[in-house]
Amino acid sequence: MSVLILVVGFLPVLLFLAALILMDSYKLVSRRSVALAIGAGILAALVSLFLNRILLDHGVDPTVLRRYVGPLVEESVKAIYIVYLIRSAHVGFLVDAAILGFAVGTGFAVVENVYYASVVRDLGPGLWLVRGLGTAVMHGSATAIVAILSKSLADRRTSTSLAVVLPGLVLAFAAHSLYNHLVLNPFVSTALLLIAMPLLVVLVFERSGRATRDWLGVSLDTDVELLDSIERGRVEDTPAGAYLSTLSRLPGPVVADMLCYLRIHLELSLRAKGILIARAAGVDLPIDDEVRADFRELRFLERSIGKTGKMAILPFLRSSSRDLWQLYVLDE
C-alpha cells in the first residue's frame, strides 16, 4: 500500500509540474527557483498544519474548518511566497508565475499527502486517486491562479502593492472551499479539474509567449541603440545624455558613475535577452566570469551613486518588474 500511495498520491502533481517546466520554450524558470518554490510550499504546509491544529484546539468546528477557515488559511499562507516573488521582481511573465505558483502548491500537496498517509492508513486506492489527481493538483492550480492573476494585475497597474494579490487569493479560496464542500462526486470534481487546468495552462502559455516575443523585439532594439550611442561617445545626442547634462547639482564623478552604471545595466540586459533567444532555439548558454564581474561592478556603482543617483537614472533603466527580472536570469 505504501508504494501505491507514493505513486498515486504524489506522482501526478509532480508530473504536471514537470510538464509545465518542459512546455516553457524560453526556459524562464531555473531549477533553483523551482526548488525554492517547492520548499516554500513545504514550509507553508507545515505552518498551515500548525495553525489548523490551533484552530481545532480552540473549538472551531471541523466542518467549518474544512470548508471555510482551512481554505482561507492555507491559500493565504501559500500566497506569501507569491507576494515575495512579485514584489522582488523575480517573475517576468505569466509563464514563470504559473510555474512557480504551481511549484508552491506542489510542495504543499506533498506534505499534506504525507501527513494524510501517516494518520489514515486503512483507505483504499480510490481515495488516493482522488488525492493525487484531485486534491494535490487543486493545491497547485489554486496557487498558480494566485500567481497568474497577481502578475497580470501588477503588469497592468505597474504596481506591486498587496492589492494585486487579493483577486487571485479570493478566487483560489473560492475554488478551494467549493472543492472541499464535496458538492459533486469526488471523481467528477477530479475529472473537471483535470480538464480545466490544462486549458488554463494553454491560454497562459500562449499569451505569455506572445508577450515575451513582443518584449524581446522592442526592448532589444532600444537597448542596442542606447548602448551603441554610449560606446561611440555620442551619449550627449541621446535623451539619456541630455537628461544627465541637466543634473548640475550632482558632482561630476557621480554623473560619470551613473553613465557607467547605465552602460553595464544595458550590457547585462542584452546578455539576458540573448540567453532567452538561445534557449528558445534549444541552446543553453553558460554564464561566464565576465557576467559575474559585471554584477559586482554594478553593485559597487549602485553604492557609489547612492539612492539619489539611482532615482535620477531610473527612467532610463526601465526598471519595471519585467526589466529587473531579466537580470535575475543572469544572476541565478
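His-176 counts as buried because its relative accessibility is 2%, where buried means under 20% relative accessible area with a 1.4 Å probe and protein chains only. This is a predicted model, in which local features need pLDDT of at least 70 and side-chain atom pairs count only at pLDDT 80 or more, while totals for chains, interfaces and linings use all residues. Residues are numbered from 1 along each chain as its sequence is written, and side-chain values use heavy atoms, with hydrogens and water left out.

His-176 is found in helix 6; helices are DSSP runs of H or I with at least four residues, numbered from the N terminus. Not counting residues up to four places away in sequence, His-176 touches Pro-71, Glu-74, Glu-75, Met-138 and His-139, contact being heavy atoms within 4.5 Å.

Helix 2 covers residues 31–57 and spans 39 Å from its first C-alpha to its last, close to the 39 Å expected at 1.5 Å a residue, taken as 1.5 Å times one less than the number of residues. Its buried residues include Ser-33, Gly-41 and Asn-52.

The largest pocket has a volume of about 880 Å³, the space filled by probe spheres set on grid points joined across faces, edges and corners. A pocket is an open set of points on a 1 Å grid over the protein atoms alone, where a 1.4 Å probe fits, with protein on both sides within 12 Å along at least five of seven lines; lining residues have an atom within 4 Å of a point. Helix 5 gives the most to this lining, with seven residues.

| Lining class | Residues |
|---|---|
| Nonpolar (Ala, Val, Leu, Ile, Met, Phe, Trp, Tyr, Cys, Pro) | 16 residues |
| Polar (the others, Gly among them) | nine residues |

Note on methods: Helix = DSSP H or I, 4+ residues; strand = E, 2+ residues; numbered from the N terminus. Buried < 20%, exposed > 50% of the residue type's maximum accessible area, 1.4 Å probe, protein only.
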